[in-house]
Amino acid sequence: MNNNYKSGFVTLIGRPNVGKSTLMNQLIGQKIAITSNKPQTTRNRIQTILTTEEGQIVFVDTPGIHKAKNKLGEYMVNVAERTLKEVDVILWLVEPATFIGAGEQHIANQLRRVNTPVILVINKIDSVKKEEILPVIAAYKDVCDLAEIVPVSARNGDNTDELVREIFKYLPYGPQFYDEDTVTDQPERQIVAELIREKALHSLQEEIPHGIAVAIDRMQKKNKIMHIDATIICERDSHKGIIIGKQGNMLKKIGSTARYEIEKMLDCQVNLKLWVKVKKDWRDSEFLMKNFGYREEE
C-alpha cells in the first residue's frame, strides 16, 4: 500500500440553492447530482468519487439542513445532521454576502457541536466584485471554528483546484475505496429516476416540484436499446393535469430532455416511456417514501 495515499469522506452542507450539487458535479467533472434552482432537490445522500494521484475523496452530498415540515422533511434533516459526525471533512457552502441569516446561524450551531474540520466555501464569486469577497471572509471567520476559507465559483470552476488541495490537507492516509473509474455508488436506476425528476423540476411551475417523485417501473436492455418505463408520482389531480400538459406536451418535453441526458449517461440509445399517477400525501406516508427510495439507513 502507498503510504502517501490519502482517502476519506467529505460532505457538502449549506442552505438550499447555495450550489452544493453544482460544485460536486464540477469537482467530479460529470453530472451525477441533479441541479435545479428549486430548494430541496437532493433527497438522498449521493456519493460521488474523485480519484487523483494524491488520493481519493468520496463526496457525500446531503439534503440541505432546514426546518422540517413533514415526514420527508424530517428524514432529510436527520440524514444531513448524522452525516456531519461520520465524515472526515465538512465543506460548508455559503453565498458571498456579509449578512449571516437565520439559516446560516442554524448551520453554524450544528457545526459547533462536531469536531470534524470545516472548510468554509464561499461560492458564486463570479457574481460579485473581487473586493467584495474580503468583507465576507471577515464576517464568517468567527462564526464557528473554521479550518480554512476558500472562495470558488462552482459554475465555472474558478479556484476549485485549490479547494481540492485544501481537502486533501485534512484527509487521513488510507486505502483507495473505489476503482479509478468509479464516479458514483448510486445504482443506475436511481440516477435515471433523479434525472427524470430534475427535468420535471426544470419544466414545471413553482407549485408542484416538491410533491413529485419518480419510480422506475422497468429498465431493460434489448438489441442495444435501453427500454425504461417510469412513473412520475404527484400529490393532486390538478398537478397531474399540469405535468401532462395540453395534448401531453409537457410530459413529452420532460421525456425528451430526460432521454437526452440518460443517453449521455448510459452511452446507448434509450426508449423512455413516462406515466403520471396521483398518490395523495405520499410525503407523509412512510410506506410510500420507502417505495420511492427514501429509506433511513439502518
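Colleague: Is W92 buried or exposed?

Modeller: First, a word on the basis: this is a predicted model in which local features need pLDDT of at least 70 and side-chain atom pairs count only at pLDDT 80 or more, while totals for chains, interfaces and linings use all residues. Residues are numbered from 1 along each chain as its sequence is written, and side-chain values use heavy atoms, with hydrogens and water left out. Buried means under 20% relative accessible area, exposed over 50%, and partly exposed in between (1.4 Å probe, protein chains only). W92 has 0% relative accessibility, so it counts as buried.

Colleague: Which residue forms an aromatic pair with W92, edge-to-face?

Modeller: Rings of Phe, Tyr and Trp (its six-membered ring) pair if their centres lie within 6.5 Å; planes under 30 degrees apart count as stacked, over 60 as edge-to-face and the rest as tilted. The structure holds one such aromatic pair. Its centres are 5.6 Å apart with 85 degrees between the planes, and the partner of W92 is Y140.

Colleague: How many residues apart in sequence are the parts that this pair ties together?

Modeller: Helices (H or I, at least four residues) and strands (E, at least two) are DSSP runs, numbered from the N terminus. W92 lies in strand 4 (residues 89–94) and Y140 in helix 4 (residues 133–140), so the pair ties together parts separated in sequence by 48 residues.

Colleague: How are helix 1 and helix 5 placed relative to each other?

Modeller: Axes are lines fitted to C-alpha atoms, for helices over the stretch in contact (heavy atoms within 4.5 Å), and angles run from 0 to 180 degrees between N-to-C directions. The axes of helix 1 (residues 20–28) and helix 5 (residues 160–170) come within 11 Å and cross at roughly 90 degrees. Angles under 35 degrees count as roughly parallel, over 145 as roughly antiparallel, 65 to 115 as roughly perpendicular and the rest as oblique. Helix 1 and helix 5 are therefore roughly perpendicular.

Colleague: Which residues of helix 5 make the contact?

Modeller: Helix 1 contributes L23, Q26 and L27. On the side of helix 5, the residues are T160, L163 and V164.

Colleague: Which backbone oxygen does the side chain of K20 reach?

Modeller: K20 belongs to helix 1, and with a relative accessible area of 9% it is buried. At 3.0 Å, its side chain reaches the backbone oxygen of G14.

Methods: A polar contact is a pair of N or O atoms within 3.5 Å; within protein, one must be able to donate a hydrogen and the other to accept it, and residues adjacent in sequence count only if both atoms are side-chain atoms.
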